[in-house]
Amino acid sequence: MSTPFLEHVNVTVSDPEATAKRLEDWFGWKIRWKGASLGGGTTYHIGNETSYLAAYSPPKATTPVAGESYSHHGGLNHIAVVVDDLDATEARIKAGGYRTHNHADYEPGRRFYFDDDDGIEFEVVSYAD
């Protein structure tokens, strides 16, 4: 089994295209993907072959909502970790008393989410068969 690694961090920004441009200029990163996302918003994935920053913007100006990171700029939305065995990892997380949610199979992998004791949302994803 390979070591789990940090795949991406997802943050809310005012202008994902401008954020992507800055990250390209600063770090030489490339846009891996861009498109429609959560609630009609827009997301850019900017990084390299193994990791990226997801710059998300909601579809319209929003008023920050307590406990809702997607509604205000600078919000940490989730941290994604890649694992080889999604089911075994989920079993360990559940054994610790955490509730998993938002399971999805998508091209090219599978994922689920859970919130830790501090309310930080983690996405756990596997690209293994």
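These legends accompany several close-up views of the predicted model shown above.

Residues are numbered from 1 along each chain as its sequence is written. Because the model is predicted, local features need pLDDT of at least 70 and side-chain atom pairs count only at pLDDT 80 or more, while totals for chains, interfaces and linings use all residues; side-chain values use heavy atoms, with hydrogens and water left out.

**View 1. Strand β4 and its two partners.**
Let us start with strand β4, residues 52–57. Helices (H or I, at least four residues) and strands (E, at least two) are DSSP runs, numbered from the N terminus. In β4, 5 of the 6 residues are buried, where buried means under 20% relative accessible area, exposed means over 50%, and partly exposed lies in between (1.4 Å probe, protein chains only). Two strands count as paired if DSSP finds at least two bridges between them. Strand β1 (residues 5–12) pairs with β4 in the parallel sense, over 5 bridges, and H8 stands opposite Y52 of β4. Strand β3 (residues 41–47) pairs with β4 in the antiparallel sense, over 6 bridges; here Y44 has A55 as its bridge partner.

**View 2. The largest nonpolar core.**
A nonpolar core is a set of buried Ala, Val, Leu, Ile, Met, Phe, Trp, Tyr and Cys residues joined through side-chain atoms within 4.5 Å. The largest one has 7 residues: V11, V13, A20, L23, Y44, I46 and A55. Helix α1 (16–27) and strand β3 are the elements that give two or more residues to this core. For a look around I46, take contact to mean heavy atoms within 4.5 Å. Leaving out residues up to four places away in sequence, I46 touches A20, L23, E24, W29, K30, I31, Y52, L53 and A55. A second, separate core has 6 residues, including V83, L86, I93 and F112.

**View 3. Helix α2 and its buried face.**
Which residues of helix α2 (residues 86–95) are buried? They are L86, T89, E90 and I93. Seen down the axis of α2, these buried residues fall within an arc of 100°, so they line one face of the helix; the arc is that of the directions from the helix axis to the C-beta atoms. An α-helix has 3.6 residues a turn, so residues three or four places apart point the same way. The buried residues of α2 pack against β6 (100–106), β7 (109–115) and β8 (121–126). On the face turned away from the buried side, you will find the exposed residues R92 and A95.

**View 4. The two ends of helix α2.**
At the start of α2, a side-chain oxygen of D85 comes to within 3.3 Å of the backbone nitrogen of D87. Just after the helix, G97 takes a positive phi of about 95°.

R110 lies in strand β7 and D87 in helix α2, so the pair ties together parts that are 23 residues apart in sequence. R110 is partly exposed, with a relative accessible area of 33%, and D87 is partly exposed too, at 45%. The side chain of R110 also meets D105 in a salt bridge, at 3.5 Å from N to O. Salt bridges that share partners join D87, D105 and R110 into one network. D105 is exposed, with a relative accessible area of 65%. Within α2, K94 and E90 form a salt bridge at 3.7 Å, N to O; the two residues are 4 apart, about one turn of the helix. K94 is partly exposed at 46% relative accessibility, whereas E90 is buried at 11% relative accessible area.

Setting aside neighbours within four places in sequence, H101 is in contact with F112, Y113, F114, D115 and E121.

How values were computed:
A polar contact is a pair of N or O atoms within 3.5 Å; within protein, one must be able to donate a hydrogen and the other to accept it, and residues adjacent in sequence count only if both atoms are side-chain atoms. A salt bridge is a side-chain nitrogen of Lys or Arg within 4 Å of a carboxyl oxygen of Asp or Glu.
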